[in-house]
Number of protein chains: 2
Amino acid sequence: MNFPPKIIENAIEEISKLPGIGKKTALRLVLHLLKQNKDTTFHLTEALNDLREEVKYCGTCHIISDTSDCTCRTIKRELSTICVVEDTPDVLAVENTAQYRGLYHVLGGIISPIEGIGPSDINIESLINRVKNSDPKIEEVILALNPTMEGDTTAFYITKKLKEFDVKITTIARGIPIGGELEYADEITLGRSIMTRTSYD
Amino acid sequence: MNFPPKIIENAIEEISKLPGIGKKTALRLVLHLLKQNKDTTFHLTEALNDLREEVKYCGTCHIISDTSDCTCRTIKRELSTICVVEDTPDVLAVENTAQYRGLYHVLGGIISPIEGIGPSDINIESLINRVKNSDPKIEEVILALNPTMEGDTTAFYITKKLKEFDVKITTIARGIPIGGELEYADEITLGRSIMTRTSYD
């Protein structure tokens, strides 16, 4: 029996290339789309095509953008601080805290010798140029990288590269999360949170 | 800060209309597509558009098909048995057992007074016509519907409608699944499996 037919199999195969979506989920999505009217599918595919055709990356901070008016060119932000993140969702995460009003710099990856990603594969060179040439002067670079081996390696590399400039380099605090319990915290996190304890005001 | 930009927000919104996909997963998928080359997106959208444009349903058994050559017209199947299922994935599930070589009839839904789905909203009329007019004669109709209230209602309705024809009506066995344990089976299933016990050969 020729089931599922080829157009369905084709759609399933393309959908299941997406991360976290297997063949069964893909079939479920296909059948869902077939039950909706045609516009549901066409709006979806149009949005995806537009996305892929028209997306731009800011040449300065590498944030995804649909115009050339990026954050790093708006006067409303605090222009003397750069927050360095690995990827775009991290920008969103930091924005959602409403605790930061400065600029961003998206590395677009992280140094990972295992995956063959070196310093030249991510946007470190442009960060250094930004710090070197910016006007007004960059006063502080905040490293908001994931607390992993790769994140620490990248942070270490960036710190070394920025040493020659008169810029303060900070990193986001690692410690016990709000609402977390000491009893269940891993020893490295707890150890770090003791080492980097802050004065109690 | 204008983040995420509009084309991304648009893509996220369209993707998160799919069942089981929320805004966070949608953002992850969008960023995944942006990291791949453009063809990944274009192949996906093309496959979805083709699917929605070209999909056909067999006029006899209502299985999804991309040609008019449906199972119900192939001589290789056993033409005297019809297996009635709720939807297309069920066809796939039955096919995967390799225990059935007959025809199918996809209802395209299930009678559900709560959701306002009555007998005329699903393909019951055409099932009755098939049984009435088919050549060779249909000897058996197997009801392979989900063991839910709605499934039982639908099965009951179909049985009543087919009573006037000389056709054997069966339903798939409900009972303890292979590998299941009596101790943990719910009482209705276990009760049913005792009621419908089969002789031990």
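This is a predicted model: local features need pLDDT of at least 70, side-chain atom pairs count only at pLDDT 80 or more; totals for chains, interfaces and linings use all residues.
In helix 1 of chain A, residues 6-15, the buried positions are A:Ile7, A:Ile8, A:Ala11, A:Ile12, A:Glu14 and A:Ile15; buried means under 20% relative accessible area with a 1.4 Å probe, protein chains only. Helices here are DSSP runs of H or I with at least four residues, and strands are runs of E with at least two, numbered from the N terminus. Viewed down the axis of helix 1, these buried residues lie within an arc of 165°, so they line one face; the arc is taken from the directions from the helix axis to the C-beta atoms. An α-helix has 3.6 residues a turn, so residues three or four places apart point the same way.

Residues are numbered from 1 along each chain, chains are lettered from A, and side-chain values use heavy atoms, without hydrogens and water.

What covers that buried face? The cover includes helix 2 (23-35) of chain A, together with helix 3 (38-54) and strand 2 (64-65) of chain B.

That brings me to the interface. Contact, meaning heavy atoms within 4.5 Å, takes 57 residues from chain B and 57 from chain A. Four salt bridges link the chains, each a side-chain nitrogen of Lys or Arg within 4 Å of a carboxyl oxygen of Asp or Glu. One of them joins B:Lys35 to A:Asp87, with the closest N and O atoms 2.8 Å apart. On the side of chain B that touches chain A, helix 3 gives the most, with 15 residues.

Note on methods: Buried means under 20% relative accessible area, exposed over 50%, partly exposed in between (1.4 Å probe, protein chains only).
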